Amino acid sequence: MGDKTGGGTLPGHVGIIMDGNGRWARRKGLARTSGHTEGLKTARRIVEAASKRGIRYLTLFVFSTENWRRAAQEVDFIMSLVKQHLTRELDFYRENHIRIRHTGDTDGLAPDIRAEIDQALGDTRNFDGMQVILALNYGGRNAIVRAARRFLRQCGGETADLDEDAITRNLDNPDVPDPDLIIRTAGEFRTSNFLMWEAAYAEYFITDKFWPDFCTEDFDTALAVYAARERRFGAVTR
Ligand code: IPE
Ligand code: IPE
Ligand code: MG
């Protein structure tokens, strides 16, 4: 849940659907892969800004369970970018005290990527600043199914015990609070299977800007818009 700060309300957990890399590249007459390279630079800038603003959790939608439908060359490129980033940026995370987490289906990831993720998780596990949750091979429905399976494995199938709390407790990172704010770039009004369970009461901020063009001012605008929203969670407040 958001904290009250400086007269506004700062979201405790922000999720970002980083969309529009391909369109950004096409508009410039470049290959889609250039859009992903540029998108990674944006991600780095926004991680830094979010950490400075005091955001506690930032979930970045990096690759969805549906993104395997793309050309193998594009998929390979994105995976290699992720791998490079995780191996080279430890200093950046150390300087900013940022802890890396992962959400998504690890079974579908190549062993080398899994190893890099495990390494980054281990290397940053004691950093007490913002937590960046990388949603990689992530799908909201897949996450719910995996949570239900974890529950069944532990509890032996007592259906009466399978309640909302049981699903929440069995998600990939049960200690991470629900997102307060979800930002989507590139103007699409859909969730694309992002945080289906956790986003039940998230506030959405959608901008037409493509992800590589999204800047810290845009992030601050999203925070300001969020601060002005009235969240009712189904209740009547006036
Ligand atoms: C977001 O940009 C990155 C991923 C989904 C991996 P896109 O690659 O979806 O860019 P558009 O939507 O085609 O412009
Ligand atoms: C959502 O973007 C996934 C990520 C940002 C990683 P997509 O580009 O895959 O979403 P759709 O296909 O437009 O719904
Ligand atoms: Mg897209």
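What follows is a talk about the ligand, the pockets and the cavities.

Reader: What should I know before we start?
Author: This is a predicted model, in which local features need pLDDT of at least 70 and side-chain atom pairs count only at pLDDT 80 or more, while totals for chains, interfaces and linings use all residues. Residues are numbered from 1 along each chain as its sequence is written, chains are lettered from A and ligands numbered from 1 in the order in which they are written, and side-chain values use heavy atoms, with hydrogens and water left out.

Reader: Which residues come nearest to ligand 1?
Author: They are D19, G22, R23, R32 and R70, out of 13 residues around ligand 1. A residue counts as near if one of its heavy atoms lies within 4 Å of the molecule. By class, this shell has 3 nonpolar, 5 polar and 5 charged residues. Here Ala, Val, Leu, Ile, Met, Phe, Trp, Tyr, Cys and Pro are nonpolar, Asp, Glu, Lys and Arg are charged, and the others, Gly among them, are polar.

Reader: Which element gives the largest share of the shell around ligand 1?
Author: That is α1, with 3 residues. Helices (H or I, at least four residues) and strands (E, at least two) are DSSP runs, numbered from the N terminus.

Reader: Where does ligand 1 sit?
Author: Ligand 1 sits in the largest pocket, and "sits in" asks that more than half of its atoms lie within 2 Å of the grid points. That pocket has a volume of about 790 Å³, the space filled by probe spheres set on points joined across faces, edges and corners. Among its 37 lining residues, M18, N21, F61, V62 and N67 lie nearest its centre. The largest share of this lining, 7 residues, comes from α2.

Reader: What sets a cavity apart from a pocket?
Author: On a 1 Å grid over the protein atoms alone, a cavity is a set of points where a 1.4 Å probe fits but cannot get out, whereas a pocket is an open set with protein on both sides within 12 Å along at least five of seven lines; lining residues have an atom within 4 Å of a point. The structure holds 2 cavities of 30 Å³ or more. About 180 Å³ lies in the largest cavity, and T103, L171, N173, V176 and E198 are the closest to its centre among 17 lining residues.

Reader: Which residues line the second largest cavity?
Author: They are L86, L90, Y93, I100, A120 and T124. By class, this lining has 5 nonpolar, 1 polar and no charged residues.
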